[in-house]
Amino acid sequence: MTTRLEQQLALLIELDKLKSVLRRTRVKSAQGRMENSAEHSWHVALMAILLQEHANEPVDLSKVLKMLLLHDIVEIDAGDTFVYDTAASLQQSEKELEAAERLFGMLPQDQAIELKSIWLEFESAESAEAKYAKALDRLIPMLLNYHNDGQSWIENDVTSEQAFNVNQKIEQGSTALWQRAKQIIEEASEKGWLKS
């Protein structure tokens with residue numbers, strides 16, 4: 001019989017695989033190297049701490065941090081989908097739900113239920129915490145792209161209209177961060193990093 005601790009440790013070792021899931025954005029500090037999903041989760045969790053005052057509504061920071069540290073673990077099975085790839089995004093939800101069932105299912109039942117419900121809350125983006133977490137999740141790739149001279153926008157022929165439409169959801173979690181995101185889109189368009 002597997003003990004509770006053994007189940008928890010098994011998931012922790014499984015989560016190491018997130019370090020090998022590559023995203024389309026390059027890290028700023030090591031130009032040329034793609035960011036992995038574990039790094040992204042860490043970075044966006046730090047954003048939640050630093051930018052909490054800019055959330056549209058008061059949020060439970062502990063819950064936001066849980067959401068951000070859990071939100072992409074499903075990419076271990078489902079892979080990362082580029083946010084501007086609308087065709088792939090349509091199939092991603094089903095793959096991610098299957099991954100969530102498998103990964104959270106490795107835990108003791110009470111923990112599996114709790115953590116999966118936090119993940120689902122993030123996905124539904126209806127609570128103040130989820131809206132704020134989603135805003136941050138959208139903003140950090142924009143910041144990295146901007147500070148990498150538009151790298152993944154250029155490589156993937158992203159238009160300013162796409163950048164505006166996809167990232168407009170930032171406003172639901174933070175009007176202040178959306179104002180900054182719009183400036184980034186405008187400046188990136190002027191520099192030719194986003195196509196007209």
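Colleague: Which residues does His40 touch, not counting residues up to four places away in sequence?

Modeller: This is a predicted model, in which local features need pLDDT of at least 70, side-chain atom pairs count only at pLDDT 80 or more, and totals for chains, interfaces and linings use all residues. Residues are numbered from 1 along each chain as its sequence is written, and side-chain values use heavy atoms, with hydrogens and water left out. His40 has its place in helix α2 (residues 37–50), where helices (H or I, at least four residues) and strands (E, at least two) are DSSP runs numbered from the N terminus. With contact meaning heavy atoms within 4.5 Å, and leaving aside residues up to four places away in sequence, His40 touches Arg23, Glu35, His71, Asp72, Asp137 and Ile140.

Colleague: Is His40 buried or exposed?

Modeller: The classes rest on relative accessible area, with buried under 20%, exposed over 50% and partly exposed in between (1.4 Å probe, protein chains only). Because His40 has a relative accessibility of 0%, it counts as buried.

Colleague: And how far apart in space are His43 and Ile140, C-alpha to C-alpha?

Modeller: His43 is also found in helix α2, and with a relative accessible area of 28% His43 is partly exposed. Along the sequence His43 and Ile140 are 97 residues apart, whereas in space their C-alpha atoms are separated by 8.0 Å.

Colleague: At roughly what angle do the axes of helices α3 and α6 cross?

Modeller: Two packed helices are described by the angle between their axes and the distance between the axes. Here the axes are lines fitted to C-alpha atoms, for helices over the stretch in contact, and angles run from 0 to 180 degrees between N-to-C directions. The axes of α3 (residues 61–70) and α6 (residues 109–124) come within 9 Å, and they cross at roughly 90°. That makes α3 and α6 roughly perpendicular (65 to 115 degrees, against under 35 for roughly parallel, over 145 for roughly antiparallel and oblique for the rest).

Colleague: How many charged residues are there in the contact of α3 with α6?

Modeller: The contact is made by Lys63, Lys66, Met67, Leu68 and Leu70 of α3 together with Glu114, Leu115, Ile118, Trp119, Glu121 and Phe122 of α6. For the classes, Ala, Val, Leu, Ile, Met, Phe, Trp, Tyr, Cys and Pro count as nonpolar, Asp, Glu, Lys and Arg as charged, and the others, Gly among them, as polar. By this scheme the contact has 7 nonpolar residues and no polar ones, and its charged residues number 4.

Colleague: How are α9 and α11 oriented, roughly parallel or roughly antiparallel?

Modeller: Helix α9 (residues 160–167) meets α11 through Ser160, Ala163, Phe164 and Asn167, which face Trp178, Lys182, Ile185 and Ser189 in α11. By class, this contact has 4 nonpolar, 3 polar and 1 charged residues. The axes of α9 and α11 lie 10 Å apart at an angle of about 170°, and that makes the helices roughly antiparallel.

Colleague: What kind of aromatic pair do Tyr146 and Trp193 form?

Modeller: Tyr146 lies in helix α7 (residues 128–147) and Trp193 in the segment after α11 (175–190), so their pair ties together parts that are 47 residues apart in sequence. Tyr146 counts as buried at 15% relative accessibility, and Trp193 counts as buried at 14%. Rings of Phe, Tyr and Trp (its six-membered ring) pair if their centres lie within 6.5 Å, and planes under 30 degrees apart count as stacked, over 60 as edge-to-face and the rest as tilted. Since the ring centres are 5.5 Å apart and the planes stand at 70°, the pair of Tyr146 and Trp193 is edge-to-face.

Colleague: Which residues does Ile73 touch, not counting residues up to four places away in sequence?

Modeller: Ile73 lies in the loop between α3 and α4 (75–78), and at 4% relative accessibility Ile73 counts as buried. The C-alpha atoms of Ile73 and Leu103 are separated by 8.1 Å, although these residues are 30 apart along the chain. Not counting residues up to four places away in sequence, Ile73 touches Leu15, Leu18, Leu103 and Phe104.
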